[in-house]
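Me: I would like to go through some labels used for a structure and check each one against its cut-off. Please give the value, then the definition, then the conclusion.

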Amino acid sequence: MTHSVAVVLIALAILLLLYAVIIAYLIISNRQQQRLTTMNQHDCLIIFATQSGQAENMAQQTAQQLQAVGQKVSLVDIQYLTRQQLYQAKQVLWCVSTYGDGDAPDTARLALKHILSQPNLDLSHQRYAILALGDQRYSHFCGFGQLLNQHLQQHQAQALFEMVCVDHLKPQDLARWTQHLEQLTQQKLMGIAQHSAWTSFTLKKRMCLNHGSQGYPIYQIQLAYDQALTWSSGDILEIQCGNAAVNIQQFLAAQSQTISDDVLASLQFKNLSQFPPQLPNEALKDWIERFDDLAMREYSIASIPAQGILELVVRQEKTATGLGLGSGWLTEHAALGQRLHAKIRSNPSFHLKDAGQALILIGNGTGIAGLVAHLAQRQQWGAQQNWLIFGEREQQFDHLYQQQIELWQAQGFLPVVDYAFSRDQAEKIYVQHILQQKSVQLLSWVEAGAAIYVCGSLQGMAQEVEQSLLNILGAEQLQQLKVQGRYQRDIY
Ligand SMILES: Cc1cc2nc3c(=O)[nH]c(=O)nc-3n(C[C@H](O)[C@H](O)[C@H](O)COP(=O)(O)OP(=O)(O)OC[C@H]3O[C@@H](n4cnc5c(N)ncnc54)[C@H](O)[C@@H]3O)c2cc1C
Ligand SMILES: Cc1cc2nc3c(=O)[nH]c(=O)nc-3n(C[C@H](O)[C@H](O)[C@H](O)COP(=O)(O)O)c2cc1C
């Protein structure tokens, strides 16, 4: 081979190599481009199904994050979802919670029946992901999320990634959702969190409302606040639980070092029953900072901002090891004057809609909280068409908010009040029985446009009330009330 042929061959080889490198680069960048545009190609529909506002909050945060990195998203409450809207979407992110015993939230029942359960829905062109909120203490963990997943698979929709199940809003579970979205968008996202910052309240008053009751004590808890706060009747307070003094003392007794006041203060809200081991040479302050915070608990707010105080009605829970975490903190362990950390959570599905509408308020036990908040709001609006149906055990000991209710009656804001004190007569009477007894009146109120609001226990009350409403109004009319937002529940 001559020298010039060799030069030509080497030049060709270099060219070939360059060509191969360019082709490889184009293929890789094309693949990356494909990945990058996975979420860009189409608008993304975010559908939420919530009972008490958390899934809605997560859906809103998800939407904000995606919008911040240039995605086009639209957000829809499942109760307003149409079959066409779902069908047209190429990508859907579902944020759903589970209620009852593995059931769908109230707002999702119609979509479940009329859209998702329909056999002829073809979603083979659609990709989806599910953020399922739940609580592992329930036997059907994220039951509705699982059911939704099954329906979507049956309709041939393709999962973008495996369903993210969230236990009690644990940050590590929520972080998995963000990680998946980051992979999809190839963008760094801010991450979704349980909520906004804590607000500081002062425990102002604590009063037992049912001395002598056969049931566990129920306390009225009043929280004062300094900053301007607002909320709607029907909203929920999330409380950061704290430790009993005795638990803090036990922890301190086990430490050999002296503890400064600021470290002592930080112990108040830390989980002192389960914490990581202290590292060699780790300062006490740094170690305690690594402890998890105690859990939060939710309580229906029993007052409106115009009253200038945030009020709760809390039943003291007894557990195998003492008092319940949240109820024990509020009803016994937190000292009067103590600073508490809490957040107001909007609960739109239990808000009042229309001042002109008549209102039937049904509840039991601590459910009185949500009902008196609505009555206070109705009084402020001058709305007099209110009917209260309330149940507890004995009139003598369990007549919660008796004075206030009598005052409203005297002022004309409560023309009809019915009580079901279950243990005041040989045969037990509950609120569902009052509904049956007064079915004619119930029908006429509903036909005149009244809305029905239910607050209190799911088991034993809300389920039975729903059965009575079904018997009296029939499935179709009850369904209509739900669609019209005239049957709303804050139940737990
Ligand atoms: C939307 C909403 C509104 C609410 N409003 C009110 C209200 O107005 N008033 C009110 O009193 N309550 C209300 N609750 C209930 C409240 O949030 C608490 O659940 C209640 O106070 C009990 O909590 P606790 O921390 O005191 O008890 P916990 O410490 O949670 O114990 C409660 C029970 O659960 C059991 N338990 C605890 N941990 C576990 C576990 N890991 N596995 C199995 N079992 C366990 C305990 O043995 C005990 O029997 C509401 C709940 C919701 C969701
Ligand atoms: C009365 C009640 C019943 C619940 N039932 C279940 C259940 O069966 N399975 C589950 O995983 N979570 C269950 N949960 C937990 C909720 O799904 C969880 O608190 C969720 O974060 C609520 O979200 P939302 O506010 O969007 O409705 C239940 C909660 C309540 C208050």
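Me: Why does Lys170 count as partly exposed?

Reply: The relative accessibility of Lys170 is 33%. Buried means under 20% relative accessible area, exposed over 50%, and partly exposed in between (1.4 Å probe, protein chains only). The value of 33% therefore makes Lys170 partly exposed. This is a predicted model, where local features need pLDDT of at least 70 and side-chain atom pairs count only at pLDDT 80 or more, while totals for chains, interfaces and linings use all residues. Residues are numbered from 1 along each chain as its sequence is written, chains are lettered from A and ligands numbered from 1 in the order in which they are written, and side-chain values use heavy atoms, leaving out hydrogens and water.

Me: What makes Asp167 buried?

Reply: Asp167 has a relative accessible area of 9%, so the residue is called buried.

Me: Why is the contact of Lys170 with Asp167 called a salt bridge?

Reply: The N to O distance between their side chains is 2.7 Å. A salt bridge needs a side-chain nitrogen of Lys or Arg within 4 Å of a carboxyl oxygen of Asp or Glu, so a pair that meets this is counted. The structure holds 17 salt bridges.

Me: What does the salt bridge between Lys438 and Asp418 tie together?

Reply: The side chains meet at 3.0 Å, N to O. Lys438 lies in the loop between helix H14 (431-437) and helix H15 (439-447), and Asp418 in strand E17 (residues 416-421), so the pair ties together parts 20 residues apart in sequence. Helices (H or I, at least four residues) and strands (E, at least two) are DSSP runs, numbered from the N terminus. Lys438, at 25% relative accessibility, counts as partly exposed, whereas Asp418, at 11%, counts as buried.
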